[in-house]
Structures are given as structure tokens and as C-alpha cells.
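Come along as I look them up.

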Amino acid sequence: MTKPLFIRRASQLATLKGSSQKPLAGDQMKDLRIVEGGSLWIEDGVIISVGADEELAAKHRSQLQNAELIDADGCLVTPGLVDPHTHLVFAGTREDEFDMRLNGATYMEIMNSGGGIYATTKATQEASEELLYKESAARLDQFLLQGVTTVEAKSGYGLNLETELKQLRVAQRLQNEHAVDLVSTFMGAHAIPREYKENPDAFVDLIIHEMIPKVAELGLAEFNDVFCEHGVFTPAQSKRILEAGLDHGLHPKIHADEIEPYEGAELAAEVGAVSADHLLKASDKGIKRMAEKGVIATLLPGTAFFLMAESANGRKMIDTGVPVALSTDCNPGSSPTLSQQLIMNLGCVKMGMTPAEVLAAATINAAHAIKRGHLVGSLEEGKQADVVIFDLPNYKRLQYQYGVNHVKRVIKKGRTVVHQGRLV
């Protein structure tokens with residue numbers, strides 16, 4: 001048994017208490033349940049008490065002498081950040097495509113000419129499992145240094161069963177060996193391989209009848225995702241893939257309405273998706289349906305920023321009652337960032353969200369977007385002790401001063417894993 005941990009006298013303790021059962025929506029996203037001068041008592045990696053410092057000191061007086069004390073005076077203390085949409089496991093980089101876009105090429109033009117997802121697929125297919133593990137672990141280190149303690153990781157750079165399984169095995173190994181918790185998503189339906197361009201339904205059949213059953217049999221993923229977009233998978237094909245995943249116990253997610261309106265948001269509501277992601281071009285009807293069905297909108301402002309596109313209308317979605325989460329969409333082509341803090345800044349300046357809303361979106365709502373809201377995403381009694389101490393006096397400063405890593409300390413399952421800018 002380890003020593004109890006007592007985090008004391010935070011300038012602001014953003015607890016987000018009361019949100020473990022379902023994501024926050026509407027005005028709820030502005031209520032961070034802040035305790036001024038708040039403290040946390042942690043035992044064996046679990047939060048035992050949350051509240052005012054004097055109250056907790058009195059409650060645990062008999063244990064104080066043996067506890068590890070962390071003075072958070074002048075600091076903001078929040079739940080560990082959660083990133084619910086990444087393509088973490090990949091090989092290669094695509095900086096040449098960045099230069100091409102700056103010279104006028106579009107994302108889909110690059111992809112259709114053999115670049116984009118296809119370029120990363122080739123590099124990932126050729127990479128050894130050990131290389132993928134090493135490079136992905138290095139990315140996870142950077143996530144942790146930025147205050148992210150839970151990450152979703154998709155496959156999708158295989159487009160064949162062998163490589164998809166390779167990506168998922170790497171994610172599983174990282175979950176077992178790295179401090180960051182990983183949640184795996186199968187995304188064999190990320191693109192149509194060039195050899196199936198004339199017969200995409202044959203590739204859909206391959207995903208449904210071979211890939212999904214094997215992934216489920218091996219227990220390598222919890223979620224099943226599809227890129228529903230013109231020129232990729234149609235709404236009808238996407239529905240077949242998502243329903244096949246459900247038949248094998250994989251929860252549906254969907255890349256929806258990113259480049260043009262394509263009824264992806266409507267499909268997400270129809271199939272009961274946990275989340276619909278991107279949504280730059282989602283229709284008003286689709287947004288309304290998502291609100292009615294409680295589908296989480298996982299928004300990726302870093303992708304729009306990097307592609308020099310207009311961001312999703314996060315303000316409209318929140319005002320319509322859709323629970324909103326935020327993510328980096330970490331990937332080598334359209335969002336090569338590892339900073340959830342930057343994404344939170346972009347949520348404010350590019351999507352009209354408030355500082356309180358983006359903090360809720362990057363913690364508890366992000367946790368619910370990967371079915372972890374009962375475990376992480378808020379600071380409540382009985383939950384896993386994933387905590388970030390920011391060297392800032394309040395949560396508004398976190399969004400105001402952008403482009404800086406404000407993390408002072410990261411605590412994962414009650415143990416310090418980052419301190420003063422270094423992994424411990």
C-alpha cells in the first residue's frame with residue numbers, strides 16, 4: 001500500500017462533480033463545480049475526498065503525518081485531460097503535403113493522387129511492429145507532458161487485416177506498458193484501397209465478414225469507426241459497417257460531414273453512435289438529431305486550422321443541446337499536433353466556445369466519448385486519481401495564454417508521472 005496523497009490549497013479546483021453518469025450539455029458545460037482553495041485526498045490511486053482544505057485536513061487528521069503532501073497554492077487543478085480521437089499508431093510523416101496544400105492542392109486531391117491516407121498506409125504497412133511501438137510511445141510521452149492521461153487510438157492505416165491487427169496490437173501493448181491509458185478503435189473503413197476503387201462494396205464486405213469478426217475475436221478494440229464522406233464510404237456503406245460492428249460488440253463511432261454535407265450526423269443518430277466526429281459541414285437537421293439522441297460531437301479544431309478550413313460550429317451545437325468533446329485528431333496528415341491545450345485554445349477562438357466549456361469538453365465529455373466517464377474526466381470520490389496541476393491561478397488563464405504548456409505536475413492513478421516539465 002502506498003502513502004496517501006494530499007493535494008492542498010489549489011487556487012481553483014475544477015472538479016466537474018456530478019457528471020459521471022452522462023456528458024454535460026447546454027448550460028451544464030459552463031458549470032465546472034470549482035472549489036476555491038480546494039484539496040484532494042487520494043489513496044491507492046483512487047480519489048477518496050474532494051473539498052475545502054480545512055475540511056479534508058480535519059477529516060483525515062489521523063493520517064496526515066504519513067501522507068505525501070503537494071502544495072497547489074496559486075495553481076489550477078483539473079482532471080487529467082482526455083483525448084477521444086487520435087490516429088496514434090502510424091509510421092512516416094507528410095510535411096511535403098503541407099507544402100502542396102500551401103501551393104493550392106486540396107486534401108482530397110492529394111489523397112486521390114496517392115498521397116494522404118494512402119501514403120501513411122504504405123509507410124505503416126512496411127514498418128515493423130517494434131518501430132510502430134517506439135514511435136507511438138514517444139508520441140504518448142508528449143501527450144502526457146501536455147497533461148493528457150487517457151487517449152483513444154484508432155487503427156485505419158492498414159487497409160488490410162494484417163496491418164490493422166498490427167496497429168491494434170501496438171495500441172494494446174502501449175495500454176499495458178505506458179502510463180497513459182489507451183482505448184482502442186478499429187477503423188478498417190478509413191479509405192477505399194486503390195485496388196478496390198472500381199468495386200468498393202467488395203472492400204466493405206471484407207471489413208464486415210473478415211476484419212470485424214477477427215478484431216472482435218481477439219478483443220483488440222472497443223469501438224468501430226468509419227469515414228463517411230463523398231469519395232470514401234457512402235452513408236449506406238457506413239451503416240452496414242457500423243451495424244456489423246454492433247453485431248460483434250463494437251460500439252459505433254463515425255467520421256462525419258467533414259468535407260461536405262453527407263448526412264453523417266443523421267446516420268450517427270440513427271445507429272446510436274457514441275460520437276460523431278469532425279462535423280464541419282453537419283446540417284442543422286443532423287445536429288438536432290444528435291441532440292435528441294445524445295450523440296456526442298467530438299470536434300477537432302486543429303484539423304480545420306491545419307487544413308485552413310472553417311471550423312465546426314461548436315457554439316451552435318452546444319446551444320442546440322449537443323454534448324461537445326474536443327480532440328487533437330493527432331495524425332500525420334491533417335493534424336500533426338500532440339497538444340490538447342492548443343486544441344482548447346482553438347475551441348475558444350475558432351468555434352466560439354467559452355473557457356469553461358472547452359475544459360468540460362476536454363475532460364468529462366471527452367471521457368464519455370470513449371465510455372470512460374464513470375472512471376475519469378472529473379474529480380469525484382471513487383474515481384481514478386488522474387489529476388493535472390497547472391502553473392496558473394485560474395481556468396480562464398489556461399485558454400487566454402496560448403501556445404504554452406502550462407503543466408506543472410501530472411498525477412496518474414495517484415502517482416506523479418510528470419513534474420516540472422519532465423517525465424518521472
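This is a predicted model: local features need pLDDT of at least 70, side-chain atom pairs count only at pLDDT 80 or more; totals for chains, interfaces and linings use all residues.

Entry 1: Next I looked up its salt bridge with lysine 413, where N and O are 3.4 Å apart. I noted that the two partners come from distant parts of the chain, 232 residues apart. Aspartate 181 belongs to strand 8 (residues 181-189), while lysine 413 sits in the loop between strand 15 (407-412) and strand 16 (415-419). Lysine 413 is partly exposed, at 40% relative accessible area.

**Entry 2: a pair between helices.** I turned to arginine 315, which makes a salt bridge with glutamate 357. Their closest N and O atoms are 2.8 Å apart. What does this pair tie together? Arginine 315 is in helix 12 (residues 314-320) and glutamate 357 in helix 14 (residues 355-361), so the bridge ties together parts 42 residues apart in sequence. I then checked how accessible each partner is. Glutamate 357 is buried, with a relative accessible area of 0%, whereas arginine 315 counts as partly exposed at 21%.

**Entry 3: one more pair, and the total.** I looked up arginine 33 and found a salt bridge to aspartate 31, with the closest N and O atoms 2.8 Å apart. Here arginine 33 is partly exposed at 44%, and aspartate 31 is partly exposed at 37%. How many salt bridges does a search of the whole structure find? I recorded 22. A reminder to myself: side chains of opposite charge can pair when their charged atoms come close.

**Entry 4: a tyrosine in a helix.** To finish, I visited tyrosine 133, found in helix 5 (residues 129-145). Tyrosine 133 counts as buried, with 14% relative accessibility. Which residues is tyrosine 133 in contact with, leaving aside neighbours within four places in sequence? I listed Val170, Arg173, Leu174 and Glu177. I also looked up valine 89: valine 89 and tyrosine 133 are 44 residues apart in sequence, and their C-alpha atoms are 7.6 Å apart in space.

Technical notes. Residues are numbered from 1 along each chain as its sequence is written. Side-chain values use heavy atoms; hydrogens and water are left out. A salt bridge is a side-chain nitrogen of Lys or Arg within 4 Å of a carboxyl oxygen of Asp or Glu. Buried means under 20% relative accessible area, exposed over 50%, partly exposed in between (1.4 Å probe, protein chains only). Helices (H or I, at least four residues) and strands (E, at least two) are DSSP runs, numbered from the N terminus. Contact means heavy atoms within 4.5 Å.
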